[in-house]
Amino acid sequence: MKTSQMLIPTLREDPGEAETVSHRLMLRSGLIRKTAAGIYTYLPLGLRIIRKIEQIIREEMNRAGAQELLMPIASPAELWKETGRWEYYGKELLRFKDRHERDFCLGPTHEEVITDLFRREVRSYRQLPLNCYQIQTKFRDEIRPRFGLMRGREFIMKDAYSFDSDEAGAKISYQKMYDAYTRIFTRCGLTFRAVEADTGLIGGDTSHEFMVLAETGEATVVYTDHGSYAANLERAELLPPSHTDTTPLRPLTPITTPQCRTVEEVTRFLNITPQQLVKTLLYRADQETVAVLIRGDHDLNEVKLARLLRVTEVQLADQETVERLTGAPVGFAGPIGLQGVRLFADHAVKGMRNMVIGANQADTHYLDSNHDRDFTVHQFSDLRNAQSGDPSPRGDGSLTLAKGIEVGQVFLLGTKYSKSMQATVLDDQGKERPAVMGCYGIGVGRTAAAAIEQNHDDKGIIWPFPIAPFHVHLLPVSQSDRTAETTAHIYADLLAGGFDVLWDDRNDRAGVKFNDADLIGAPFQVVVGDKGLADGVVEVKIRRSGAKSRIAPSDILSHLRALSDETDTATSTSPTSIP
């Protein structure tokens, strides 16, 4: 393809709206343009990347035995009401009425639609296992869309749904999808980890997120460097401390702490470490208020607390509630004398003695408080976020924290949807049983954005070979007949050799062409000019390393084939067992 024949509106300056590296570079390199908040048009260059990712996905999904179909983006409210998600999903579900005043929504996901299809078309266990997938536009009405394709309202997603007659079969289907995802993201040239994850609004008991490691990621990945354990921050398990403080108990003593509300203020005033202080946090969980004790240097994990309390979510109690229950301003809450609320504590608190806590009085804390003697904890549990250096729950070293971008997630749903929608099959005894389901999603545009977050420099994008919009950027730097003729021959040879080539045929300065080539990020650049041709060579540059070679035009194809064999990660990996 020639540059003059493509719509590639590159930008010299960073767009003011861009908040992340991928958003900035996607706009600057002419991949996307904003249509509305969280809604983008894919320009020709961007669509080429999307299609390449989709092709890898299709190949691996088909290899795993899944069948492609296409479901409608609009679905009737009746299906969502059967599962309870019409009300439960919240404002992210974009609802509307058709001309007959019937309620519909734009699908953010398709569990209801596929389960309805299954219950109408599949009757016997002999038709199972079944796995169907689609690559389709979704819509989630995010309250604050941001970061370009990373968190948009409209996005392209691959979603798959498996149906099995029993739990054992469902686990096999889940493993197949886990392995397929491993191959997909490896083939896309990404560095990633599969981590244990919370199931969230989708539901189910087991889930893994596939996280591309990048410093700019929103999520936190917790893993062991040399072990098998990996989880996202919300899901990461922590063991109770192996050490218990055996210091003799000291008498409880109130102390004045004027205007000291935060951990930092209290510890500085008392000249103690945060590890000696325990925070008392009040949370609303449905109609109940609970108190949670967390060590001063730890952060509460709200997902873990919600899971413990068997509620969808928890929220910090408002100022009025805190003051009513404690009788003190916010910042001085403590467990002693706290009435009418259940008291929970993180495991780390159980091993502490002589701790500093709030006194439920303004400008006052207690020194040397101890549980069991001064207050009673209803239940100890794993309630905090992991920190670097914490021991792995699998006993395989210490935990490390890194930033990551979720590009895919797999769920073992069980019978959550099949029971509520009566999607049953006859087993080998002729009895009706609800199908055991799994669902599996990949954000296609998000995968492209994550690839940029992981592969860029200060000049632009550095595409992994398998998903690059073009493999080679052909750059003639003069308008002579000899340069034009050589460029045309190289272009024809590379196309015949299976390379995707972008030929910058613009009558523009060499510097402009080089800047655009670095910005767009094809793995290889071939520079053709009179000076090199006088010596019988052209210049080949590897975008990632910047390494340059002088190669005879007749040897370009074989040279790039050798380079692509070194850099192309588009090879299938062996199936990986779930850690």
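Helix 2 (residues 44–63) gives the most to the lining of the largest cavity, contributing three residues. The model is predicted. This briefing covers that cavity, the nonpolar cores, and the pairing of several strands.

**Cavity**

- Rolling a probe the size of a water molecule over the atoms shows where empty space is left.
- One cavity of 30 Å³ or more is counted in this model.
- The largest cavity holds about 30 Å³ of space.
- Its lining is made up of Met26, Leu31, Ile32, Tyr42, Gly46, Ile49, Ile50, Leu149 and Ala448.
- Leu31 belongs to this lining and is also one of the residues with the most contacts inside the largest nonpolar core.

**Nonpolar cores**

- In soluble globular proteins, nonpolar side chains tend to be buried together.
- The largest nonpolar core contains 61 residues, and those with the most contacts inside it are Leu31, Tyr181, Phe185, Phe210 and Trp463.
- Helix 6 (residues 167–187) is the main contributor to this core, with eight residues.
- Leaving aside residues up to four places away in sequence, Tyr181 touches Met61, Lys158, Phe210, Gly408, Gln409, Val410, Tyr440, Gly441 and Ile442.

**Strand 17 and its partners**

- Strand 17 (residues 342–346) has four of its five residues buried, so the rest of the structure largely encloses it.
- Strand 15 (residues 288–295) pairs with strand 17 in the parallel sense, over four bridges.
- Within strand 17, Ala345 is the bridge partner of Leu293.
- Strand 20 (residues 379–381) also pairs with strand 17 in the parallel sense, here over three bridges.
- Ala345 stands opposite Phe380 in strand 20.

- Strands of a sheet pair through backbone hydrogen bonds, either parallel or antiparallel.
- Three strands make up an open sheet in the order 4-6-5, with antiparallel pairing.
- The edges are strand 4 (74–76) and strand 5 (95–97); each has a single partner strand, so one side of each has no neighbour in the sheet.
- On average, neighbouring strands of this sheet are turned by 40 degrees against each other, direction ignored.
- Strand 4 pairs with strand 6 (residues 103–106) in the antiparallel sense over three bridges.
- Ser75 stands opposite Cys105 in strand 6.

Key: Residues numbered from 1 in each chain as written. Predicted model: local features only at pLDDT ≥ 70, side-chain atom pairs only at ≥ 80, totals over all residues. Heavy atoms only, no water. Core = buried A, V, L, I, M, F, W, Y, C linked by side-chain atoms within 4.5 Å. Buried < 20%, exposed > 50% of the residue type's maximum accessible area, 1.4 Å probe, protein only. Helix = DSSP H or I, 4+ residues; strand = E, 2+ residues; numbered from the N terminus. Contact = heavy atoms within 4.5 Å. Pairing = 2+ DSSP bridges. Axes fitted to C-alpha atoms, helices over the stretch in contact; angles between N-to-C directions. 1 Å grid on protein atoms, 1.4 Å probe; cavity = no way out; pocket = protein on both sides within 12 Å on 5 of 7 lines; lining within 4 Å. Points joined across faces, edges and corners; volume = space filled by probe spheres on them.
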